[in-house]
Amino acid sequence: MVVVMNERATEAQIDAVIQRLIELGMDVHRSSGVTRTVLGVVGAHKIDPELIGILDGVHEVLRITEPYKRASRTFRPEDTIVTIDDVRIGGDEVIVMAGPCSAETEEQVHATAAAVKRAGAKILRGGAFKPRSSPYAFQGLGEQGLKMLRNAADAQNLKVISEVMDISQIELIAKYCDIFQVGARNMQNFTLLRELGHARKPVLLKRGISATIEEWLLSAEYILAGGNMNVMLCERGIRTFESYTRNTLDISAIPVVQKLSHLPVIVDPSHGTGRRDKVAPMARAAVAAGADGLIIEVHCDPDHAQSDGAQSMFPAQFERLMAELRIIAPAIGRSICVETTARRGWGR
Ligand code: PEP
Ligand code: MN
């Protein structure tokens with residue numbers, strides 16, 4: 001860390017700060033300019049910058065290393081690639097996860113799975129345990145919903161991602177799904193994160209609605225510290241003063257996180273905007289900005305969806321978007337799965 005002293009700091013104050021740092025086991029390198037003294041501080045262990053910031057004569061304490069370790073590029077310079085059988089997330093191919101907000105009926109899940117598969121998605125999304133603002137809103141079908149997702153995904157050769165809200169659901173969700181989704185509201189549920197650190201399946205960690213990038217990476221650190229290195233970060237919009245869109249999708253988080261961390265970055269333009277007409281432009285922007293993947297809500301009858309209908313795309317809109325993404329991705333050296341002709345099971 002670097003300690004910047006006040007312009008008027010006295011010699012006695014500077015000496016006292018240096019003494020305190022030495023007592024804490026740090027090496028201090030003093031550099032006195034014309035107006036200020038700056039102390040370069042290095043040491044084997046971390047000290048709380050606040051402890052130094054409150055000392056007399058200190059103007060500012062600047063941290064120069066990140067508070068997270070395993071999530072940082074310094075710890076692992078090369079990109080992490082999360083592999084689920086033949087699906088590789090974080091490599092050259094941009095991976096698209098798509099499906100309904102919630103699993104509702106057998107037919108809805110199967111029809112949506114067939115449609116998103118046809119358009120080139122690799123992973124079926126769908127909630128069975130739903131974090132709703134109102135306790136009276138649809139809460140998800142639980143295990144029945146997980147079964148629907150698994151069956152539909154298997155029929156289409158897709159992987160499955162579904163949200164885990166609580167430690168008690170981990171075992172059940174692991175039985176049916178390939179990826180755990182941690183929702184925005186649970187980004188700082190540290191007990192859940194710790195437990196997922198011991199899970200043997202990848203985790204998609206959504207950014208909390210008012211979380212800084214540093215807080216988000218620290219949350220990822222909880223999972224990584226438990227030994228689960230298969231973590232993906234999902235930007236899904238943050239709460240700002242703007243109320244036109246449901247959230248404000250922070251596209252700049254993509255290059256920022258990719259610089260700070262080796263973990264794949266996935267973007268959710270559905271929750272990021274809350275409106276289906278805004279999903280395609282933001283999905284295109286996310287791919288152009290370098291996102292490693294997208295997670296998008298698609299519903300065959302969104303006007304009658306049990307949750308998030310307004311932001312769910314019609315299958316035809318999604319198919320068009322995928323075709324556009326196939327044009328954008330090569331411009332930045334990436335690719336997107338080509339459409340499949342496989343029409344099995346419930347396909348239209
Ligand atoms: C969802 O994916 O349906 C969801 C609830 O997302 P978020 O946690 O980002 O609100
Ligand atoms: Mn949703």
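Which oxygen atom lies 2.9 Å from a polar side-chain atom of Lys130? Select Lys130 together with ligand 1, and you will find that the oxygen atom belongs to ligand 1, a polar contact here being a pair of N or O atoms within 3.5 Å. This is a predicted model, in which local features need pLDDT of at least 70 and side-chain atom pairs count only at pLDDT 80 or more, while totals for chains, interfaces and linings use all residues. Residues are numbered from 1 along each chain as its sequence is written, chains are lettered from A and ligands numbered from 1 in the order in which they are written, and side-chain values use heavy atoms, with hydrogens and water left out.

Taken alone, ligand 1 exposes 300 Å², of which the protein buries 97% (accessible areas by the Shrake-Rupley method with a 1.4 Å probe).

Now widen the selection to the 13 residues around ligand 1, of which Arg125, Gln181, Ala184, Lys206 and Arg236 come nearest (near meaning a heavy atom within 4 Å).

Finally, move to the manganese ion (ligand 2), which is coordinated by Cys101 (SG), His271 (NE2), Glu297 (OE) and Asp308 (OD) at 2.0 to 2.4 Å (donors are N, O and S atoms within 2.8 Å of the metal, or 3.2 Å for Na, K and Ca). Along the chain, these donors follow the spacing C-x169-H-x25-E-x10-D.

Terms used:
A polar contact is a pair of N or O atoms within 3.5 Å; within protein, one must be able to donate a hydrogen and the other to accept it, and residues adjacent in sequence count only if both atoms are side-chain atoms.
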